[in-house]
Amino acid sequence: MFPREPFAKDNPGKSSPPRWAEKLLRWRCPENQREEVQGDLHELFHQWVKEAGEKKARRRYIRNVLGFLRPLPVRRPEFQTRNQGYSLQLFSLSMLRNYVKIALRNLLRHQVFSFINIGGLAVGMAVTTLIGLWVYDELSFNQYHQHYDRIAQVMENEILEQGIETFGTLPMPLSQELRTKYASDFKYVAAATQGWDQIIAYQDKKFTKFGTFAEADFPEMMTLPMLRGTRSGLKEPASVLLSESMAGILFGDADPLGKIVKIGNNFTVQVTGVYRDLPRNTAFRDVAFIAPLDLLFSDQEAKNNWRSSSFQIFTQLNPNRNFEQVSAKIKGVLGQHIQDQTKASLSLYPMARWHLYSAWKNGVNESGRIQFVWLFSIIGIFILLLACINFMNLSTARSEKRAKEVGIRKVIGSARGQIIGQFFSESLVVAAFSFILSLLLVGGMLPFFNEVADKSLSVLWTNPWFWLLGIGFSLFTGLVAGSYPALYLSSFQPINVLKGTFRVGRLAAIPRQGLVVVQFTISITLIVGTLVVFRQIQFAKNRPLGYSRQGLINITMNTPEIQGHYDALRNDLLKTGAVADMAESSSPITGIWSSANNLEWRGKDPNRSALFGTISVTPDFGKVIEWQVKAGRGFSRQFSTDSSAFVFNEAAVKLTGLQNPVGETIKWHDKNWTVIGVVKDMVMKSPFEPVMPTVFMIDNRERPLNVIHLKLDPGLSTGAALSKIEAVFKTYNPASPFEYQFADQEYAKKFAAEERIGKLASVSAVLAIFISCLGLFGLASFMAEQRTKEIGIRKVLGATVLDLWGLLSKDFVYLVILAIVVATPAAHYFFSDWLQQYEYRTEISWWIFAAAGSGALVITLATVSYQAVKAALANPVKSLRTE
């Protein structure tokens, strides 16, 4: 030990350490070591001054003081000689290496427990990582567009009989109105169609692709990444912008600029630009081409029609404007131009909310996919928590085996903080191995996860944030998982441990039992959720449709060669014997493409509006789809007056309040229509919502006929029938591909979102049960090992295998029963609230909870029974021979 030299304040003029560092050392250093440590550092400081100068000496002094500031108490400082001098080693890595070495030895010595801990944590971390990638993809939706935070769609709220309805299609002149009169608020305004599948052709190549028509500022607003040409390409009157993949399909490696392509049979356009394919997490990901909107208008009068609400209006705000401010300014624009739209109000719907907040209720944009983001984020956290609980339980269960280790460490001088560090290091080593294994699991599970979630996610290997968050995530997991074992095991008193009087007692098992209850509560809740989701889907699938989907196919008419030739086409198809009947309509049987809110009837409140779906059909429509007439009759070729006739569905009758609607006169578009019949409600939109009030007519001047409905002859195979049908269509339009949709398949697509949620929930439930059972297996194994002598004595005294199986299993059964009791009301509350979003919904039956609870009990018994029976069958002589 160096003799203590006086401080600089006792020797004016001598070099001295920084005063703040001395104060910090005196404040942090334990009182029994303060004078010794401070004197030694001061002596070293003077030696460093002589060797390296005062500036470097002060830096060394500060570095050693800061090194002393560890979160764990410092015992006695150690010294070592280095480079012919002395340095104070207050922070050694040797102890950390020792911690890791002991942790690895423990992992190898107890391989079953190590497998359960590392495997369970790895699965939990992998699932959490996958869910994290999914959440990131959802939250970053549309952020690909450079100015997404200032882009919005103009929406219309209108007060109707059914409440406030929100519409995303508006009159075309509104675009010019906003562009000219509100130039200080909007940088760009662009109208666009909603987009639909169209035939695009180059020479002999023809493909049906999804495309849209838009105004010239649309590409600039959406910051399309141009590979060839510029974003101003739509300013040419007969032009088109193609996606990179569309250009490759049509032209291969040739330069597409200047090439002439044909859209449908109506528009011949020149390629003026090619943009990079948009990522899947954008609203416009499927757009293969964009053509000028002016192509759709035959004259200026049609373009300036304020009565035709068929276009989406997109805007980009100037930097100094906000959505609420501008929404208030444009609120009453429609009422200034349309007399009966004084109650309609406009607002801006920010792009940042399009994907996650897509549901509107009474004019408020309040929910949507954001609920699934929250749901699966919580599920991911819960699954990781289950894995952490396994680690905590198995670590504390083995506490009696490690009690002597803790006692000896304390006797030879280890502080409690060092023992805590030892156990934390073990948990961090487990977390590190788990993180590495989880990355391998993520790579293997990602294709399956993408298929289930309908995503194209990829691991962000080159993103530094991914690694930073991943490593931080594994550290956090290790600290959380190791917190309870570290604090619990480090609290043992060495005198009791080494005297042999230490026993963990029955109360020590209560925290473990509580964690097991938490595990199975979460697992049972997820099982109940899975059953509720699939029951809701099946409930909607079993809903009466009001028509027959059997053998019904839809064909969208894209070409004039087919439109306008209904009778000839129908006769030719009937002659083939493949078609039982044919009809046309303005909407498919699985959708309603048009609506009206200006119908008038006897007794209607003139101050109230009501929204009806409006569908034009041919007289054979009802026969083809087999709708069910409840009153009056359907359309017929025998009555010429049917051109001024309406057929109501039941929802339309209820909305009008007419007691006997047949024969009533309805006024619409300055024309009197007579209700000739009422048909049973048909589920044409969402199967989870009420049926929309709808009127059917056979006057195609009101709504153009766009869809052909064919009823296949059941006496002919589907393949043979389709071949004959295709041959007929080729005679009318040999250049166009023959494309069709089965009505039952189109209807099944309406359940896609819910079925994805169900699949994800079921996978989560399976993984939760798997992780819980891993921990249960480990606990059962340890319990059987701990009670080996007790089991031996009981066998000697006459206990049967069944008695011992019941003895070892009953404690776990009680815990699962308690978990069922806790999970039942929680799951009922949560999933009843989830079902409220559906107007047409199932009830949560008692058998769902019974099935979930019974399944959990069976799985628990199966998991525990292996260890219980194994222990019960063991030879008691081997367990008692040491006594």
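Two residues are in contact here when heavy atoms of one lie within 4.5 Å of heavy atoms of the other. In this predicted model, Ser809 touches Leu861, Val864 and Ala868, leaving out residues up to four places away in sequence. Ser809 belongs to helix 26, which spans residues 801-835, and it counts as buried because its relative accessibility is 3%, where buried means under 20%.

In soluble globular proteins, nonpolar side chains tend to be buried together. The largest nonpolar core in this structure has 124 residues, and those with the most contacts inside it are Trp134, Phe376, Val528, Trp627, Phe635 and Phe696. Helix 24, residues 752-786, gives the largest share of this core, namely 15 residues. Phe635, when its neighbours within four places in sequence are left aside, is in contact with a list of residues that includes Val617, Pro619, Trp627, Phe646, Ile676 and Phe696, and also Asp642. A second, separate core of 44 residues includes Phe186, Trp306, Leu317 and Leu348.

**Salt bridges**

The structure holds 24 salt bridges, and the table sets out some of these pairs.

| Pair | N to O distance |
|---|---|
| Arg179 and Glu215 | 2.8 Å |
| Arg321 and Asp185 | 2.6 Å |
| Asp294 and Lys303 | 2.8 Å |

Arg179 in helix 6 (residues 173-181) and Glu215 in the loop between strand 8 (205-214) and helix 7 (218-221) are 36 residues apart, and their pair links distant parts of the chain. Arg179 is partly exposed at 24% relative accessibility, whereas Glu215 is buried at 13%.

Arg321 lies in the loop between strand 14 (309-317) and helix 10 (323-330), and Asp185 in the loop between helix 6 and strand 6 (186-192), so this pair ties together parts that are 136 residues apart in sequence. Here Arg321 is partly exposed, with a relative accessible area of 23%, while Asp185 is buried, with a relative accessible area of 0%.

In the remaining pair of the table, Asp294 counts as partly exposed at 45% relative accessibility, and Lys303 counts as buried at 19%. Elsewhere, a network of salt bridges links Asp567, Arg570, Asp581, Asp620, Lys623 and Arg637.

Note on methods. Residues numbered from 1 in each chain as written. Predicted model: local features only at pLDDT ≥ 70, side-chain atom pairs only at ≥ 80, totals over all residues. Heavy atoms only, no water. Helix = DSSP H or I, 4+ residues; strand = E, 2+ residues; numbered from the N terminus. Buried < 20%, exposed > 50% of the residue type's maximum accessible area, 1.4 Å probe, protein only. Core = buried A, V, L, I, M, F, W, Y, C linked by side-chain atoms within 4.5 Å. Salt bridge = Lys/Arg side-chain N within 4 Å of Asp/Glu carboxyl O.
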